[in-house]
Amino acid sequence: TRAAAGQTAGIAAEFEAHVATAREIGYRPMLAEALGMLGHSYVFTSRVDEARVALDEGLLIAEAEGDDVSIVKLLREIGILEARNARFDVAEQHFHRAFAVLERMGSDDAATRQPLERGQQRIHRRPAIFATRRQAAQQRASQAAGHLPVARRAHDAAVHRRDRGVDLPQ
């Protein structure tokens, strides 16, 4: 709805302010986290290019700072972004990287692991959803043009009879 879109846009503006504050004070861990939240808000306002820039910058900073928790969150967000853009293999790679960081951390924290697992499950369902939608659209198009194959066969038969010299009914 329009209200939800406006609210989400307002949230994006709030995170933009957080990013500006983090840049101003120069606190890089806060900047990485703020960029992750900003990227997340951009994903859900369909500002895909801006989301990718924010998330990539946040990931670079988190990696430079060695902030594994932020790295996991940012990799998850990039995975979600890629899945929303039907780039499931790329999304899966980001989720695998996030799980590898969790393993390296030795973390069994359910609060961190569960969102990754849910995101990964969605990725595995999405190709089937897209395939089903694509198949339904093809079926609707073929039903809408159902008369075309019949007309085409009649036309081909008439051309064949004409070419063989068979008189066509008037």
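The accessible surface of the protein comes to about 10800 Å². Carbon and sulfur atoms hold 53% of that surface. Keep in mind that this is a predicted model.

Start with the overall layout. The protein has seven helices and zero strands. Read from the N terminus, the order is α-α-α-α-α-α-α. The chain in the protein has 170 residues, and 30% of them are buried. Now the contacts. Take those between residues at least 6 apart in sequence: 51% of them join residues at least 24 apart.

Next, helix packing. Two packed helices are described by the angle between their axes and the distance between the axes. I have two pairs to show.

The opening pair is α2 and α3. Helix α2 covers 28-43 and helix α3 covers 48-65. Their axes are 8 Å apart, at an angle of about 155°. The cut-off for roughly antiparallel is over 145 degrees, so α2 and α3 are roughly antiparallel to each other. The crossing of α2 past α3 is left-handed. Who makes the contact? From α2, we have R28, P29, L31, A32, L35, G36, L38, G39, H40, Y42 and V43. From α3, we have E50, A51, A54, L55, E57, G58, I61, A62, A64 and E65. Sort the residues of this α2 with α3 contact by type, and you get 13 nonpolar, four polar and four charged.

Stay with that pair for a moment, and look at the loop. S46 is found in the loop between α2 and α3. For background, most residues other than glycine have a negative phi. Is S46 buried or exposed? S46 has 58% relative accessibility, so it counts as exposed.

On to the second pair, α4 and α5. Helix α4 is residues 68-84, and helix α5 is residues 88-105. The two axes come within 8 Å and cross at roughly 165°. By that angle, α4 and α5 are therefore roughly antiparallel to each other. Their crossing is left-handed. On the α4 side, the contact uses D68, V69, I71, V72, L75, R76, I78, G79, I80, E82 and A83. On the α5 side, the contact uses F88, V90, A91, H94, F95, R97, A98, V101, L102, R104 and M105. The residues in this contact of α4 with α5 split into 15 nonpolar, two polar and five charged.

This pair has a loop residue to look at too. A86 is found in the loop between α4 and α5. Phi of A86 is near 60°, positive in a residue other than glycine. How accessible is A86? Its relative accessible area is 39%, so A86 is partly exposed.

L75 lies in helix α4. Its relative accessible area is 0%, so L75 is buried. Which residues does L75 touch, leaving aside its neighbours within four places in sequence? The list is L59, H94, R97, A98 and V101. L75 and G58 are 17 residues apart along the chain, and their C-alpha atoms are separated by 9.8 Å.

H94 is on that contact list for L75, and H94 itself is in helix α5. Is H94 buried or exposed? At 10% relative accessibility, H94 counts as buried. Set aside its neighbours within four places in sequence, and H94 is in contact with R52, L75, I78 and G79. Look also at E82. Along the chain, H94 and E82 are 12 residues apart; their C-alpha atoms are separated by 8.9 Å.

Last one: S70, in helix α4. S70 has a relative accessible area of 7%, so it is buried.

To recap, α2 and α3 are roughly antiparallel to each other. The α4 and α5 pair is roughly antiparallel too. L75 and S70 are buried in the model, and so is H94.

Note on methods:
Residues are numbered from 1 along each chain as its sequence is written. This is a predicted model: local features need pLDDT of at least 70, side-chain atom pairs count only at pLDDT 80 or more; totals for chains, interfaces and linings use all residues. Side-chain values use heavy atoms; hydrogens and water are left out. Helices (H or I, at least four residues) and strands (E, at least two) are DSSP runs, numbered from the N terminus. Buried means under 20% relative accessible area, exposed over 50%, partly exposed in between (1.4 Å probe, protein chains only). Contact means heavy atoms within 4.5 Å. Accessible areas come from the Shrake-Rupley method with a 1.4 Å probe; for residues, only the protein chains shown count as cover. Axes are lines fitted to C-alpha atoms, for helices over the stretch in contact, and angles run from 0 to 180 degrees between N-to-C directions. Angles under 35 degrees count as roughly parallel, over 145 as roughly antiparallel, 65 to 115 as roughly perpendicular and the rest as oblique. A crossing is left-handed if the near helix is turned anticlockwise from the far one by less than a right angle, and right-handed if clockwise. Ala, Val, Leu, Ile, Met, Phe, Trp, Tyr, Cys and Pro count as nonpolar, Asp, Glu, Lys and Arg as charged, and the others, Gly among them, as polar.
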